[in-house]
Amino acid sequence: MITSASQQLRASYAFIERNAYLVKRYWSWELVWLAYSIANSLSVSYIGLGMERIAGQTIDGRQLVLYLVVGTLVWRYLSLIFYWITDVIALERWEGTIEYTLMAPIHRLTHMAGQTAFAVTYSLLFTGVILAVTVKLFQIDLSSANLVGATLVMLSGSLSFIGVGIVGSILPLLFPERGAQMTHVIIALLLLVSGVYYPVEVLPQLLQKIAVVSPATYVLEGTRSALLDGLPTLQLWTFVRPALIAGGIAIPIGLWIFGLTERYAKKTGKLHRNG
Amino acid sequence: MDEIAIHVQDAYKVFQKGSDFPWKRKNGRESSGPVVAVDNVSFDVGVGEIFGVLGPNGSGKSTLVRLIATLLLPDRGSIKVFDHDVVRESMAVQRLINRVSVEASFFKKLSPMENLSYGARLYGLDIRQARLQIRAILDRLGLEHSSIDKPVEEMSRGMQQKVAIARALLTRPAVLLLDEPTTGLDPRSKREVQSLVRELRDQDGTTMLLTTHDMVEADTLCDRIAIMDVGRVVALDTPEKLRTFVSSQNGNEPTLEDVFLELTGKILLNEENNV
């Protein structure tokens with residue numbers, strides 16, 4: 001039993017090490033992606049400074065910049081996790097290694113745990129670099145921000161995005177040719193309803209109701225409260241709790257759906273077709 | 001046969017060809033109907049035996065290998081590896097097997113060492129021991145030392161296939177599924193692989209199921225050969241006995257190729273006559 005558990009743990013590390021090798025080998029792509037992400041975050045944040053001119057009235061532009069900066073950072077972090085998890089299949093479709101990996105004697109939980117550990121570490125580091133550049137450029141004062149609390153909120157929010165990512169990863173399994181592109185729909189819908197760049201109150205009633213069940217809503221509100229208002233860590237529990245509950249529901253459901261889909265793919269011969 | 005390594009009983013696999021979407025399949029243009037890939041196939045492979053499967057393209061050889069490798073689920077029948085059912089006890093089967101396919105599927109930017117380390121971790125091997133073994137196996141297969149740390153994409157097709165074979169050998173499987181392992185290799189590399197196959201059986205007692213188009217390879221390596229056509233086994237015996245299926249022509253002893261053409265050709269003719 002212990003041997004089996006230790007073997008599964010070792011197998012889980014296979015995905016962490018493999019992804020680290022891939023990042024190292026694709027280093028030029030990583031630089032391009034980082035430059036794109038920084039430019040993207042900055043261009044959204046500059047809207048805050050531009051609002052005074054656009055609206056033609058006095059607005060606290062600095063506060064608006066902070067609001068948007070937090071939105072872009074949290075969203076970059078959560079979407080990176082989502083994409084790394086969906087890559088559990090999409091990447092192997094691309095490389096043609098999917099049959100080899102799915103033939104290995106490992107539990108799907110082991111498989112996902114390794115991919116998840118890497119996804120969270122990578123996303124934290126990547127977002128950290130964007131945060132450093134943004135803080136420097138906008139001269140943001142984080143002296144009263146609760147950075148530890150913000151990280152805790154983001155980590156608790158990761159769980160639900162891991163679950164959603166596992167569900168998203170079934171698309172490349174079901175649709176070898178276009179499945180990877182289909183995953184963008186999920187992230188776009190979450191972006192719309194979660195209040196990334198605006199308060200959810202401005203949304204139509206129907207979308208506001210959907211926002212209640214989006215874990216990103218709580219992660220964004222919690223991170224803003226920690227960074228902008230410096231809310232103490234204990235008081236952040238209001239945001240952490242729903243994010244943890246969402247994760248506790250999303251991960252088992254995701255694994256269950258993935259298991260069903262893998263069985264369907266083995267039944268219909270979809271593992272073999274490389275997209 | 002003292003002990004059975006692979007038991008295949010009435011295995012049947014059918015694929016629905018056409019669109020991914022069931023409503024599109026109703027359209028005559030999109031659907032090409034069901035294709036029976038493996039049609040009530042039965043055979044046993046003894047422990048330590050090299051069992052060949054010969055057949056023209058589309059005869060069901062690779063589907064049969066994928067069924068044994070737990071990458072496809074049979075629609076009917078039963079397949080067992082050392083008494084473990086490939087559907088109900090897939091993880092136990094996965095621990096006993098490995099597979100080399102005709103496509104040497106790798107993470108192309110990663111080196112042989114990185115790809116094989118990933119494989120070693122997936123199978124729960126001690127990584128320090130595994131890295132020593134990787135070098136030894138690649139050395140045995142004649143891979144240049146300088147290639148071990150270069151990206152796989154920079155290697156020739158033959159070299160990539162050797163790395164694929166090394167990956168399978170690394171886990172020391174009790175059953176090795178070789179799906180056209182020498183396709184695309186130059187004559188010298190082909191001979192090296194063939195001698196390795198013999199060595200594996202003689203030294204480790206590895207059971208091997210080998211699919212190939214190369215009649216000479218099948219003749220010299222295999223203890224018994226099954227000839228498949230349109231999903232069915234049309235003949236199964238030792239190479240010597242198979243040769244007695246056809247009469248000598250022009251005073252020359254019949255070759256395995258003569259047997260193959262005679263059996264698969266006859267089947268095709270009969271089917272055309274039945275239409």
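Strands β6 (residues 97–100) and β7 (residues 175–179) of chain B pair in the parallel sense over four bridges, where helices (H or I, at least four residues) and strands (E, at least two) are DSSP runs numbered from the N terminus and two strands pair if DSSP finds at least two bridges between them. Within this pairing, N98(B) stands opposite L176(B) in β7(B). The side chains of β6(B) are divided between two directions: I97(B) and R99(B) point one way, N98(B) and V100(B) point the other way, and all are buried. A residue is termed buried if 20 or more other C-beta atoms lie within 10 Å of its own, exposed if 12 or fewer, and partly exposed in between, with C-beta atoms placed from the backbone.

The structure is a predicted model, in which local features need pLDDT of at least 70 and side-chain atom pairs count only at pLDDT 80 or more, whereas totals for chains, interfaces and linings use all residues. Residues are numbered from 1 along each chain as its sequence is written, and chains are lettered from A and ligands numbered from 1 in the order in which they are written.

Chain B contains ten helices and ten strands. Of its 275 residues, 43% count as buried. Among the contacts in chain B with a separation of 6 or more, 69% are made by residues 24 or more positions apart; two residues are in contact if their C-beta atoms, placed from the backbone, lie within 7 Å.

An open sheet in chain B has four strands in the order β2-β1-β4-β5, with antiparallel pairing. Strands β2 (33–46) and β5 (84–85) of chain B stand at the edges with a single partner strand each, so one side of each lacks a neighbour in the sheet. Strand β1 (residues 4–17) of chain B is joined to β4 (residues 76–81) of chain B by five bridges. Along this pair, V8(B) stands opposite I79(B), and Q9(B) has S78(B) as its bridge partner. Two bridges join β4(B) to β5(B), again in antiparallel fashion, with V81(B) opposite H84(B). The hairpin of β4(B) and β5(B) has two residues between the strands, and F82(B) takes a positive phi near 45 degrees there.

Helix α2 (residues 61–68) of chain B lies across β1, β2 and β4 of chain B and runs at about 65 degrees to β2(B); axes are lines fitted to C-alpha atoms, for helices over the stretch in contact, and angles run from 0 to 180 degrees between N-to-C directions. In the loop between α2 and β4 of chain B is T70(B), which has a positive phi of about 65 degrees although it is not a glycine. Most residues other than glycine have a negative phi. T70(B) is buried, with 23 other C-beta atoms within 10 Å. A positive phi, near 35 degrees, also occurs at V230(B), in the loop between β9 (224–229) and β10 (232–237) of chain B. V230(B) is partly exposed, with 18 other C-beta atoms within 10 Å.

In chain A, helix α8 (residues 179–193) has as its buried residues G179(A), A180(A), T183(A), I187(A), L190(A) and V193(A). They cover an arc of only 140 degrees around the axis, which puts them on the same side of α8(A); the arc is that of the directions from the helix axis to the C-beta atoms. V185(A) and A188(A), on the other side of α8(A), are exposed. The cover over the buried residues of α8(A) includes α3 (61–95), α6 (147–168), α7 (170–174), α9 (205–213) and α10 (215–228) of chain A. Just after α8(A), G195(A) takes a positive phi of about 70 degrees.

The largest nonpolar core has 146 residues, of which I81(A), I68(B) and L209(B) touch the most other members. A nonpolar core is a set of buried Ala, Val, Leu, Ile, Met, Phe, Trp, Tyr and Cys residues joined through C-beta atoms within 7 Å. Its largest share, 20 residues, comes from α3(A). Apart from neighbours within four places in sequence, I81(A) is in contact with A119(A), V120(A), S123(A), S158(A), F161(A), I162(A) and G165(A).

The contact between the chains takes 26 residues from chain B and 26 residues from chain A. On the side of chain B that touches chain A, the elements giving two or more residues are α3 (90–96) and α4 (112–122) of chain B, and α4(B) provides the largest share, five residues.
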